[in-house]
2 protein chains.
Amino acid sequence: MKSVLITGAAGNIGRVLRRGLRDDYLLRLTDCIQIVDPEVTDVQVADVRSVEEMEEVCKGIDSVVHLAGEPSTGSSWSVVLNANIEGTYGIFEAARLAGVKRVIFASSNHATGYYEKESIYTKPDMLARPDSLYGVSKAFGEDLARFYYDEYGINAYCLRIGSFQPDDSVINRSSDRILSTWLSHRDLVRLVRCCIETNNAEFGIYYGISNNTRAFWDIENAREEIGYSPEDDAEDLI
Amino acid sequence: MKSVLITGAAGNIGRVLRRGLRDDYLLRLTDCIQIVDPEVTDVQVADVRSVEEMEEVCKGIDSVVHLAGEPSTGSSWSVVLNANIEGTYGIFEAARLAGVKRVIFASSNHATGYYEKESIYTKPDMLARPDSLYGVSKAFGEDLARFYYDEYGINAYCLRIGSFQPDDSVINRSSDRILSTWLSHRDLVRLVRCCIETNNAEFGIYYGISNNTRAFWDIENAREEIGYSPEDDAEDLI
């Protein structure tokens with residue numbers, strides 16, 4: 001079994017991935033707070049910004065799924081600087097030192113959010129246009145991932161996660177946007193599995209959305225390069 | 001006369017720009033060390049990472065030329081984090097607070113240096129491929145510049161400066177690379193003037209090189225968008 005470390009494993013996305021991956025991978029969980037998960041015994045409290053602590057946590061790991069960070073798009077500079085910029089450097093550098101060969105980085109659609117504001121259909125090969133300092137911090141993470149791939153050969157997959165809901169049995173439809181941007185729990189797990197398993201692509205930037213009829217982000221590269229085949233469509237939940 | 005603030009004005013590029021711009025602009029100089037320049041009286045010592053200090057320095061300024069930062073491509077993470085990432089945030093946020101309408105950011109060809117390592121002719125609309133943590137910090141600055149332009153309407157010009165030599169009367173030819181990447185003093189001044197003066201482009205990423213016969217970075221967008229017309233060619237100095 002492959003070993004998979006999830007950082008920020010206490011969060012909403014972490015909880016879903018733990019359930020979705022635990023039967024097929026040896027999971028290790030880390031977060032800055034304690035996690036109580038009866039199904040996973042390998043749990044370590046650590047600070048993702050500390051390369052030293054994270055190098056310990058990364059030992060023996062095949063793939064890191066890096067979720068740790070501040071998730072709020074309205075975050076201040078000091079918050080994203082600490083949690084997202086320093087934290088993402090921390091995990092990549094620790095992964096390198098520990099010999100990890102693969103990092104899956106939870107980026108965000110907000111790295112390119114200004115295209116959406118201008119109703120521009122967005123492909124992953126377009127330059128970043130962050131819509132927030134949070135989005136800038138995610139664009140930074142993608143550039144760092146590219147550097148660690150080019151320089152050190154660490155396979156890296158940047159997932160620009162769309163709209164993830166803790167409960168995805170119903171669409172929380174405060175606006176119609178979610179019909180375009182929704183990522184179901186099942187498709188999230190599928191996408192991450194593709195990144196863990198692919199032998200085809202070594203680096204990629206992929207929008208993380210379901211097979212939404214109204215999608216305005218292009219996921220063709222995820223289909224072609226890593227075999228991502230989402231099965232849910234927000235349209236079906238209306 | 002337009003007012004122009006130069007950050008990092010004590011450095012090699014700063015010295016050349018001071019001479020090249022002082023006759024046509026009201027210059028203000030800032031750096032973390034004292035500058036003695038008999039031709040410029042408006043000099044302020046300040047820390048570019050301090051938004052508060054830089055807001056004072058930015059008051060009444062039409063255009064900022066942001067040169068401050070660590071210039072060494074081999075810099076450690078902590079150095080580029082402080083000098084380049086925090087420093088570039090500091091100047092953009094200060095410019096916004098002070099009402100500055102235009103920022104010219106000294107980026108670097110190292111934001112895309114991995115294309116060069118793979119002998120790929122590079123255009124400014126290609127995704128970043130930094131060749132160093134220094135290059136990552138410059139790619140970060142470009143994404144931040146884009147955000148300040150999109151969100152706050154601050155015109156921003158990112159100059160991926162090539163090979164600048166303190167003495168450019170002769171080519172310091174430790175390798176042939178400089179025949180492709182050279183930026184003469186005169187062309188540097190021309191490029192920055194184009195950014196200060198253009199009414200055409202509001203945001204752009206431009207490689208900062210002379211009209212080198214052997215160039216492997218595309219400067220067509222600088223010619224078209226801001227009227228940059230370099231007159232020197234490294235070939236002529238062989």
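Predicted model: local features only at pLDDT ≥ 70, side-chain atom pairs only at ≥ 80, totals over all residues.
1. **Extent of the interface.** The contact between the two chains draws 28 residues from chain B and 28 residues from chain A. The size of an interface is often expressed as the accessible area that is lost when the parts come together. Here the area buried between chain B and chain A is about 2,400 Å². Carbon and sulfur atoms give 69% of that area. Within chain B, the residues that lose the most area to chain A are B:Trp77, B:Leu127 and B:Asp143, and together they account for 23% of what that side buries.

2. How many salt bridges does the rule find between chain B and chain A? It finds four. In one salt bridge, the side chain of B:Lys117 meets that of A:Glu151, with a distance of 3.9 Å from N to O.

3. **Which parts of chain B take part.** On the side of chain B that touches chain A, the elements that give two or more residues are helix H3 (77-98), helix H4 (113-117) and helix H5 (133-152). Helix H5 of chain B gives the most, with ten residues. Sorted by class, this side of chain B has 17 nonpolar residues, ten charged residues and one polar residue.

4. Is B:Glu231 buried or exposed? B:Glu231 counts as exposed because its relative accessible area is 53%, and the cut-off for that class is over 50%. If residues up to four places away in sequence are set aside, B:Glu231 touches B:Arg186, B:Asp187 and B:Arg190. With B:Arg190 there is also a polar contact between the two side chains, at 3.2 Å. The C-alpha atom of B:Glu231 is separated by 25 Å from that of B:Arg102, and these two residues are 129 residues apart along the chain.

5. A disulfide is a covalent bond that joins the sulfur atoms of two cysteines. Over all chains, the count of disulfides by the rule used is zero. A:Cys158 is buried, with a relative accessible area of 0%. In chain B, the sulfur of B:Cys195 has its closest cysteine sulfur in B:Cys194, at 6.7 Å, and that distance is also too far for a bond. B:Cys195 is likewise buried, at 0% relative accessibility.

6. A:Ser119 is not a glycine, although its phi is positive, at about 55°. The residue is found in the loop between helix H4 (113-117) and helix H5 (133-152) of chain A. A:Ser119 is exposed, with a relative accessible area of 69%. Where is B:Ser119 found? B:Ser119 is placed in the loop between H4 and H5 of chain B. Its phi is near 55°, again a positive value in a residue other than glycine. B:Ser119 is exposed, with a relative accessible area of 67%.

Notes
Residues numbered from 1 in each chain as written. Chains lettered and ligands numbered in written order. Heavy atoms only, no water. Contact = heavy atoms within 4.5 Å. Buried area = accessible area lost by both parts, 1.4 Å probe. Helix = DSSP H or I, 4+ residues; strand = E, 2+ residues; numbered from the N terminus. Nonpolar A, V, L, I, M, F, W, Y, C, P; charged D, E, K, R; others polar. Buried < 20%, exposed > 50% of the residue type's maximum accessible area, 1.4 Å probe, protein only. Polar contact = N/O pair within 3.5 Å; in protein donor to acceptor, adjacent residues only side chain to side chain. Disulfide = S-S within 2.5 Å.
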